[in-house]
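Please prepare a short briefing on the structure below.

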Amino acid sequence: MNCPRESEVLDALTTARWPDELHAHAGGCALCADLVAVAAALHEDLQDAMHDVVVPASGLVWWRAQRREREEATRAAARTITLVQTASVLGAIAVALTILGGVSVMSDTWRDWLAGLTSAVRFESFAVVPQWNVPLMLAAAACLVLAPVALYFVVAEK
Amino acid sequence: MRIEGIMGDALTEVELDAQARDARALPLMDEDTFRGFYDRTARSVWVYLSRISGDRQLADDLLQETYYRFYRAGRAYESETHRRNALFLIATNIARDSMRRRRHSQVVVALPDRDELAGEDRTASRAEGRTDLARAMEKLKPVQREMLWLAYAQGASHNEIAAILGLKSASIRLLLFRARKKLAALLRRRLP
């Protein structure tokens, strides 16, 4: 698969110094002939291209890298802010719903207690207590409707 | 040993390793180190990208991306050789990603442009040879192009090639042999 003189042939190619004996060997060895054909072509191509190619100045590449790094840092920070905002909104909604739920339960308890008290004391005026739940329910419904809208605006900023 | 091809022709391995040691003391690559490394390697990386992607315009973009990712990696390297190999690994991956995205579009071979061919010190036969090479390279698989270029243009060892291309070191010999045989058949080049 590989000729034992491959490294000698590669050195000869690189240095452009071909001892007669090695040249004769490379001419008769199929493996070395392939090696010479490929390595010489690629080596020449590299040398020519290295001579001709013009790459951007290192200062420009450095400056672009710095600018891009800053832009990516800004984007990453914006993403974090958006996530925090979203989490805050969702948290606020969750807290609001919890409070509303607690109030609702409390109002039920109070209503039962007051209803018991009413029946005991026979005060008809406490019959209005269950009506306290109506504005609370409206507030909860408003939150449920507004929460997705708020979430949309937060996410849309991105 | 003097490092040729990838490293250019200015510094020895010992000198380069000394520079790398200086750079290792810093947590991230500073401007001077980055620019020095870029100046030493950018042209060979561009040529590599150009030859494996088959697109000179694309090579310009990929070059910038390669150095940016290399900079962002912010790693310390044992030696200049390790750093150089890491750079070529990044370049290879970026070129592969790019070629994968363009899979359905036709690959354009990086034929030498008119300016390159018109160089005063270039013979017509040499320019013709480069065109033949570009056309022959087009017929190879991307990994064969990468392997051959690294081995015979950049002078990378089998272990280095394996590391850069993400292949097993033991398989390089056979793969390289097959690729070389195929390219040689395409070139039908005479002995110098």
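**Contact between the chains**

Apart from its neighbours within four places in sequence, Gln64(B) touches Val61(A), Arg64(A) and Ala65(A), where contact means heavy atoms within 4.5 Å. The model is predicted, so local features need pLDDT of at least 70 and side-chain atom pairs count only at pLDDT 80 or more, while totals for chains, interfaces and linings use all residues. Residues are numbered from 1 along each chain as its sequence is written, chains are lettered from A and ligands numbered from 1 in the order in which they are written, and side-chain values use heavy atoms, with hydrogens and water left out.

- Gln64(B) sits in helix H3 (residues 56–73) of chain B; helices (H or I, at least four residues) and strands (E, at least two) are DSSP runs, numbered from the N terminus.
- Gln64(B) counts as buried because its relative accessibility is 17%; buried means under 20% relative accessible area, exposed over 50%, and partly exposed in between (1.4 Å probe, protein chains only).
- Chain A supplies 43 residues to the contact and chain B supplies 44 residues.
- About 4,300 Å² is buried between chain A and chain B, and carbon and sulfur atoms give 63% of this area. Buried area is the accessible area (1.4 Å probe) that two parts lose on being put together, summed over both.

**Salt bridges between the chains**

- The interface of chain A and chain B holds 4 salt bridges by the rule used, which asks for a side-chain nitrogen of Lys or Arg within 4 Å of a carboxyl oxygen of Asp or Glu.
- Side chains of opposite charge can pair when their charged atoms come close.
- Arg51(B) and Asp45(A) form a salt bridge, with their closest N and O atoms 2.7 Å apart. This pair crosses between chains, joining helix H2 (residues 31–53) of chain B, where Arg51(B) lies, to helix H3 (residues 30–52) of chain A, where Asp45(A) lies.
- Arg51(B) is buried because its relative accessibility is 9%, and Asp45(A) is buried because its relative accessible area is 3%.
- Glu65(B) and Arg68(A) also meet through their side chains in a salt bridge (2.7 Å, N to O).
- A network of salt bridges links Arg68(A), Glu72(A), Glu65(B) and Arg69(B).

**Salt bridges within chain B**

- Over all chains, a search of the whole structure finds 14 salt bridges.
- Arg35(B) and Glu31(B) are joined by a salt bridge between their side chains (3.2 Å, N to O). Both residues lie in helix H2 of chain B, 4 residues apart, about one turn of the helix.
- Arg35(B) is partly exposed because its relative accessible area is 32%, and Glu31(B) is partly exposed because its relative accessibility is 31%.
- Asp97(B) and Arg100(B) make a salt bridge in which the closest N and O atoms are 3.0 Å apart. These two residues are separated by about one helical turn because they lie 3 residues apart in helix H4 (residues 80–101) of chain B.
- Asp97(B) counts as partly exposed because its relative accessibility is 28%, and Arg100(B) is partly exposed because its relative accessible area is 46%.

**Enclosed space**

- Rolling a probe the size of a water molecule over the atoms shows where empty space is left.
- The whole structure has 2 cavities of 30 Å³ or more. On a 1 Å grid over the protein atoms alone, a cavity is a set of points where a 1.4 Å probe fits but cannot get out, and lining residues have an atom within 4 Å of a point. Grid points are joined across faces, edges and corners, and a volume is the space filled by probe spheres set on the points.
- The second largest cavity holds about 40 Å³ of space.
- Its lining consists of Met29(B), Phe70(B), Ala73(B), Gly74(B), Arg75(B) and Tyr77(B).
- By class, the lining of the second largest cavity has 4 nonpolar, 1 polar and 1 charged residues. Ala, Val, Leu, Ile, Met, Phe, Trp, Tyr, Cys and Pro count as nonpolar, Asp, Glu, Lys and Arg as charged, and the others, Gly among them, as polar.

**Chain A**

- Chain A has 5 helices and 0 strands, and its elements run α-α-α-α-α from the N terminus on.
- Of the 158 residues in chain A, 28% are buried.
- Among contacts in chain A with a separation of 6 or more, 56% are between residues 24 or more positions apart.
- Gln85(A) belongs to helix H4 (residues 58–121) of chain A and is partly exposed because its relative accessibility is 31%.
- Gln85(A) and Leu151(A) are 66 residues apart along the chain, and their C-alpha atoms are separated by 9.0 Å.

Technical notes: On a 1 Å grid over the protein atoms alone, a cavity is a set of points where a 1.4 Å probe fits but cannot get out, and a pocket is an open set with protein on both sides within 12 Å along at least five of seven lines; lining residues have an atom within 4 Å of a point.
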